[in-house]
Amino acid sequence: MSNYTELSIAKALNKGMAKAMQNNPKVITFGEDIAQLGGVFRVTEGLLAEFGEKRVFNTPIAESGIVGTAIGLAMRGYKSVVEIQFDGFVYPAFNQITSQLAKFTYRSEGSLSMPVVIRIPYGGGIGAVEHHSESPEAYFAHTAGLRVMSPSNPNDAYWMMQQAIESNDPVIFLEPKRRYWQKGAVNLDQSPLPMHSARVLLEGKQVTVIAYGPMVTTALQAAEIAKEEGISIEVVDLRSISPIDMNTVLDSVRSTNRVVVAAEAPAFVSVASELAAAISEQAFYHLEAPVLRVGSFDTPYPPAKLEESYLPDADRILDAVDRVLAY
Amino acid sequence: MLQLLDQEGQYEVPSKYSQYGEIIDQLGEADYKKFYRDMARIRRFDEEATALQRQGQLGLWVPAIGQEGAQIGSGYAVGNKDHIFPSYREHGVAITHGVELMSILKMMRGVNHGGWDPNETRFHHYAIVLASQALHAAGYAMGVKFDGLVGTGDPENDLAVITYIGDGATAEGDVSEALLFAAVNESPLMFFVQNNQWAISSNVETTTKVPLFTRGLGFGVPGIRIDGNDVLASYAATKLHMDEIRTGKGPFLIEALTYRIGAHTTSDDPSKYRQSEEVEFWKAKDPIIRFEKFLRRQGIGDDFFEQVTQDGEDLAKEIRESTFALPDPPMENIFENVYTDPHPLVDAQRQWLQDYESSLEDNE
């Protein structure tokens, strides 16, 4: 009998971090406001009390410093889980992430490993001010040496966090902030899947909708509506954005022959674009229609009063579903 | 400015600097000879590497000529447990900690991006993005403190970290963040700033409004300016303050005033932006010539200097031959160590390139 419990995504992430810290005394966590406050989203709440100020501490408000020191700590044998407070605040650390953290194992010909997890609450839909709603995954997925992942539900949040910390490579861990409070059952005993596996969340016959992070819930809503209209959608949760589990993706494509990729990020030069290209290259004769991308627009993230029109929703996914079915 | 040797090689300890003099008092002739030999050796190496670049054997060379006093002095003051985070011109520091000189040439030839094991040498990789290493050093120093290896009272046990940055790099935000992280964590970290006066073509007036040894003060990191062309001042200051740092006194900054006699790199042409009078002025302050004068005052004669010159020639020949003999890296190295754990995309692309290359061979 597995031990299940009902948790929010935020709480599941918290429990996943605590588990990893219990298992390995070299795991430490730091960032802006993560100690007494527990982070602005309370994901690290209670960790200071459990693990003490040597393993859970606040830093100066200096993102390059947070990532740069995590690199030095990795060289000293520590596994740092650092929090970047919001997606739009990660860019001051861009050099340390892409030119340093991502490249040290290569530069050192394997003498150094870089087990650093960078947690970033990301995505929109919470009515926030500028720089608090962005989807920066393409920058990091484009960088060799990094792994990028994003859970869509509490069970994955709990287990993927532990897998990211377990990894010997740097992981950009993107947390779907507008889903932090979404609840679900968490199996505390058994990991659902290996770290980089995608998963068919909902089986369907006519169209595959691929999504990750916050857009998975939207894709499931779209499938629900479509079902009422007699259209059978299969939903694939990518889970890992880099590397991508192409086997699971291609199996689904071969069974439905029609694909829509949905993500919050602007579609131009995006993870959705990569999926469209890879599917076209690897499953061309299985496709009855071009792979369609449903993303946000190639503009800066708009003021909050406009985000409802900016972000893809279930209707925009269904519009694309109708278009691939029209072929 | 702390100076113990004047331009004529005259050794004198100003009374306010007596504690630095006490460090030098503990050195003997063997140490002095070692300092001289390594300064001369690294200069000869530098000249040979420049020649190798001119002949197309290296993609780039980064000369450190003129900075040997700062580098050899401070390098020997770093303890045998301490960790060093260099910039990309610290060839002199490298030889004081047993880094194979060929490792540096391999990197400049394009055989790898560094490749030496910093766990063994404690000399970390060259950092080409300026100042990035200051934060790695700050993080490493935080880890040393977490490990309880600072201020235990047992000098055999404690260790410190030193990072080398240039005057140009002090402008980067990462240096400010490293000073701040080191200060608030009271980390065992030394910032060794080689002010060689030129950041490619930008002189130090472009870089700073205040003397660089004061750069840490606002963060709570005290500093001192030393004559970087005085190997004894460099040794004494680094030794004294690294010892203090190991006892838990917190970070410190040394500004070593020196001069980049050569070009920024072999791609640079300093004649376009600086006057030859300035270069001549600094050549007169050459750290090696100055130290030779000091040694001769100590009664060390021609035999020693002739031997050092001959050793330099032997080294030049050796690295020349070794460079010619360096094999190109295997094609597979493109894909090795991108990640520590297996990665399906890298594995697939490695396989693709192997298949592609074999298909070409089949068609020949």
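Which residues form a nonpolar patch on the surface? In this predicted model, they are A:Leu201, A:Leu202 and A:Leu220. Together they have about 190 Å² of accessible area.

Take one of them, A:Leu202. It lies in strand β9 of chain A, residues 199-202. Its relative accessible area is 33%, so A:Leu202 counts as partly exposed. Patch members need over 30% relative accessible area, and A:Leu202 has 33%.

There is also a charged patch on the surface. A:Glu224, A:Glu228, A:Glu229 and A:Asp322 gather there, and the charge is negative. A:Glu224 sits in helix α8 of chain A, which covers residues 215-228. With a relative accessible area of 48%, A:Glu224 is partly exposed.

Now to chain B, and to strand β3, residues 189-195. How many of the residues of this strand are buried? Seven of the seven are, so strand β3 of chain B is largely enclosed by the rest of the structure. Buried here means under 20% relative accessible area.

The side chains of β3(B) can be sorted by direction. B:Leu189, B:Phe191, B:Val193 and B:Asn195 point one way. B:Met190, B:Phe192 and B:Gln194 point the other way. Both sets are buried, including B:Asn195 and B:Gln194.

What about its partner strand? Strand β2 of chain B, residues 161-166, is joined to β3(B) by six bridges, and the two run parallel. Within this pairing, B:Tyr164 stands opposite B:Phe192 of β3(B). B:Phe192 is one of the residues already listed as buried.

Notes: Residues numbered from 1 in each chain as written. Chains lettered and ligands numbered in written order. Predicted model: local features only at pLDDT ≥ 70, side-chain atom pairs only at ≥ 80, totals over all residues. Heavy atoms only, no water. Patch = residues over 30% accessible without salt bridge, like charges linked within 9 Å, V, L, I, M, F, W, Y side chains within 5 Å. Areas by Shrake-Rupley, 256 points an atom, 1.4 Å probe, with all protein chains shown as cover. Salt bridge = Lys/Arg side-chain N within 4 Å of Asp/Glu carboxyl O. Lys, Arg positive; Asp, Glu negative; His and termini not counted. Charge placed at Lys NZ, Arg CZ, Asp CG, Glu CD. Helix = DSSP H or I, 4+ residues; strand = E, 2+ residues; numbered from the N terminus. Buried < 20%, exposed > 50% of the residue type's maximum accessible area, 1.4 Å probe, protein only. Pairing = 2+ DSSP bridges.
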